[in-house]
Amino acid sequence: MQINLITGISGSGKSVALRAFEDAGYDCVDNLPVSLLENLITTLVNEKSERVAVAIDARRGQSIAQLPSILENLKRDHQVRIVFLNADTNTLVQRFSETRRRHPLSTNAKQTQSATLIEAIDKERSLLEPLRAQAHSIDTSNLPAHALRSWIQDLLKDKPAGLTVIFESFGFKKGVPSEADLVFDVRCLPNPHYDKVLRPLTGNDILVKEFLEKIPEVISMETDITQFIDKWLPHYIADGRSYLTVAIGCTGGQHRSVYLVNRISEHFRAQKDLMDLQLNFLDRHRELDSIPAAKL
């Protein structure tokens with residue numbers, strides 16, 4: 001059975017992610033007590049179910065500490081993937097303020113709501129850290145719901161086994177993705193933004209590609225990043241990781257980083273000698289994916 005555990009910080013989008021799994025045909029269970037997880041899987045196996053998504057979060061308190069060992073037991077007979085949703089504290093505070101919902105771990109009414117909320121978020125991060133360390137993490141701080149659904153849909157196309165390498169472009173002005181394992185800063189390269197013709201375009205457009213591929217520094221940066229990943233990728237595989245996120249950032253996340261993510265991803269997808277290593281690849285463009293479809 002394919003078991004997907006959806007967890008993470010309250011307010012980071014777990015409900016959106018769970019609905020995406022449900023739309024993809026998964027059996028979905030929300031807010032399941034940790035102690036019932038193994039019984040649920042046994043029941044679904046008996047019912048011939050093949051795919052399940054289960055949402056569990058820190059509202060279960062200290063029992064969350066039992067989850068890593070339970071998941072290890074399940075991995076003996078099933079394919080298990082952990083999807084961890086995260087966001088920075090300021091974003092979470094804003095979301096709770098907008099929805100006027102109370103954080104599940106906010107219990108001290110004597111303090112101000114703001115202080116209580118921040119303390120609850122910090123406590124939740126501490127409780128869930130053992131899960132985050134072994135999960136596929138998604139930072140939703142600058143990610144609208146439609147983009148998160150799209151990223152989950154892409155994830156479901158990925159094979160659960162082996163190492164999945166995610167190439168992600170982003171803009172530094174909106175912060176570095178918290179899930180990034182490797183971060184490359186390409187802001188030193190010539191910026192198409194200052195060309196009035198290229199400014200409204202992206203690194204996916206032919207004119208931007210032609211502009212950047214003529215610049216020796218861009219080619220050199222592409223070569224250096226590719227060679228670095230080539231050298232260290234076998235070590236990440238040997239480390240037993242399930243996911244490796246390579247984030248490439250420019251100022252706005254629209255031109256240079258998008259172009260280089262596409263180029264570097266194409267390089268690795270074309271390497272036939274990597275096919276035997278159970279490698280899977282996903283491409284993400286955080287700032288472009290965050291634009292509503294109607295504005296594209």
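1. Gly8 lies in strand 1, which spans residues 2-8; strands here are DSSP runs of E with at least two residues, helices are runs of H or I with at least four, and both are numbered from the N terminus. The model is predicted, so local features need pLDDT of at least 70 and side-chain atom pairs count only at pLDDT 80 or more, while totals for chains, interfaces and linings use all residues. Residues are numbered from 1 along each chain as its sequence is written, and side-chain values use heavy atoms, with hydrogens and water left out.

2. Gly8 is buried, at 0% relative accessible area (buried is under 20%, exposed over 50%, partly exposed in between; 1.4 Å probe, protein chains only). Not counting residues up to four places away in sequence, Gly8 touches Lys14, Asp57, Phe84, Leu85, Glu124 and Leu128 (contact: heavy atoms within 4.5 Å).

3. Gly11 sits in the loop between strand 1 and helix 1 (14-23). Its relative accessibility is 33%, so Gly11 counts as partly exposed. With neighbours within four places in sequence left aside, the contacts of Gly11 are Leu92, Arg95 and Phe96.

4. Both glycines fall under the "binding site" annotation of the unreviewed UniProt entry, which covers Gly8, Ile9, Ser10, Gly11, Ser12, Gly13, Lys14 and Ser15. UniProt positions are given in the numbering used here, feature names are shortened, and annotations may be inferred rather than shown by experiment.

5. Leu207 belongs to helix 7 (residues 206-213) and is partly exposed at 41% relative accessibility.
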